[in-house]
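Here is a short briefing for a first look. It covers a ligand site and one residue beside the topic.

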Amino acid sequence: MNVLGIETSCDECSVAVVADGRAILAHQVATQIAEHARFQGVVPEIASRKHAEWIVPVFRETLASAGLELSHIDAIAVTNRPGLIGSLMVGVGFAKALAFGRKLPLVGVDHILAHLYAPQLEQEIAYPFLGLLVSGGHTIICRCDSPFDMHILGTTIDDACGEAFDKVAKFYDWGYPGGVVIDRLSASGDANAFSFPDPSLHKGEHRYDVSYSGLKTAVINQLDQFWNDGFEKTPQNVAASFQRAAIDMIVRRLLLAAEDSGIERVVVGGGVAANSYLRHVLLNREDLKVVFPSALLCTDNAAMIAGLGYHLIQRGDRDGWDLEVAGRVSGFRRGYP
Ligand code: KG4
Ligand code: ZN
């Protein structure tokens, strides 16, 4: 079964065709990074307008690039939650029109569950595993028991992990996207130059939670307080010290979850999964089996939507023309989705 996937939840406009939830037949990801760069952050109104302009050409290009036609498509899967409302509406509106016009089954897909399904498009990963989802919008440590069955263990109580990278880079005017620039600067910096604090949220229901707002404030407003003698206050040193603190914070919680659950398999996803230090730390741990999907499947993409969409359709899920979008997903902790 060939499922056409559509992803427009944030600033990537993407369409893919995936066969039987596994083989990517066609995949295009048009990123809006250049459109948002001068604002050093995603501007929701610009994002939805660009999706409206791009969705038809990206769809056409996806089919054409693989020599596919609409007659080869058996079902439509579209991200309908969570994300930017206006952006989601463009993808969902387009998906409905396509499904209606071609009389195809339609299914709405949860973007978070899709990220955790993404590595299955490259290799079969057995359940259960722990998921670490870190991007500009998500910071999630979870346990996955099936493609649909996910239990959130920890999250951020304020800023998302990638958002902290973006805000620090924006404050120092280092460039956009912040995570990419900080990763690059850190390569020639010394992470020992500043000792930024780790928030103590380890108690009770916050055992696996992180908080980035204190770290952000320390890096932006209290640099001198955490500065170590003998080091220069260069952008490279600030970046490297911040990066280490930000990544160590989430890795510590992940290790705690692995220890508590006895699960050693970990799947990483989201834009921050590209981070060199995070990869270095996790891939060198002998007690964990860590999977990083390829770069294209870590960031927002439609292949993961088509892949998970296939399984939803197989189990009988169908959505109608009343399929709605949701910016946030409720019951984030008490059971998901
Ligand atoms: O998954 P993504 O493309 O979009 C969403 O936010 O959903 O992730 C983008 C985020 C941005 O915050 C960006 O700064 C961060 O991922 N990022 C990185 C790196 N590359 C991208 N953060 C740290 N290190 C990187 N190498
Ligand atoms: Zn995402």
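A residue is near a molecule if one of its heavy atoms lies within 4 Å of it. Of the 20 residues around ligand 1, the nearest are Gly136, Asp166, Gly179, Asp183 and Asn275. This is a predicted model: local features need pLDDT of at least 70, side-chain atom pairs count only at pLDDT 80 or more, and totals for chains, interfaces and linings use all residues. Residues are numbered from 1 along each chain as its sequence is written, chains are lettered from A and ligands numbered from 1 in the order in which they are written, and side-chain values use heavy atoms, with hydrogens and water left out.

- A polar contact here is a pair of N or O atoms within 3.5 Å.
- Glycine 136 places a backbone N or O atom 2.8 Å from a ligand 1 oxygen.
- A side-chain N or O atom of aspartate 300 lies 3.3 Å from an oxygen atom of ligand 1.

**The shell around ligand 1**
- Five of its residues are nonpolar, 11 polar and four charged; Gly counts as polar, and Asp, Glu, Lys and Arg as charged.
- Helices are DSSP runs (H or I, at least four residues), and strands are E runs of at least two.
- Helix H6 (178-186) supplies at least two shell residues, as does helix H5 (161-171).
- H6 gives the most, with four residues.

**Serine 135**
- Serine 135 sits in the loop between strand E6 (129-134) and strand E7 (139-144).
- Serine 135 counts as buried because its relative accessibility is 9%, and buried means under 20% (1.4 Å probe, protein chains only).

Methods:
Polar contact = N/O pair within 3.5 Å; in protein donor to acceptor, adjacent residues only side chain to side chain. Buried < 20%, exposed > 50% of the residue type's maximum accessible area, 1.4 Å probe, protein only.
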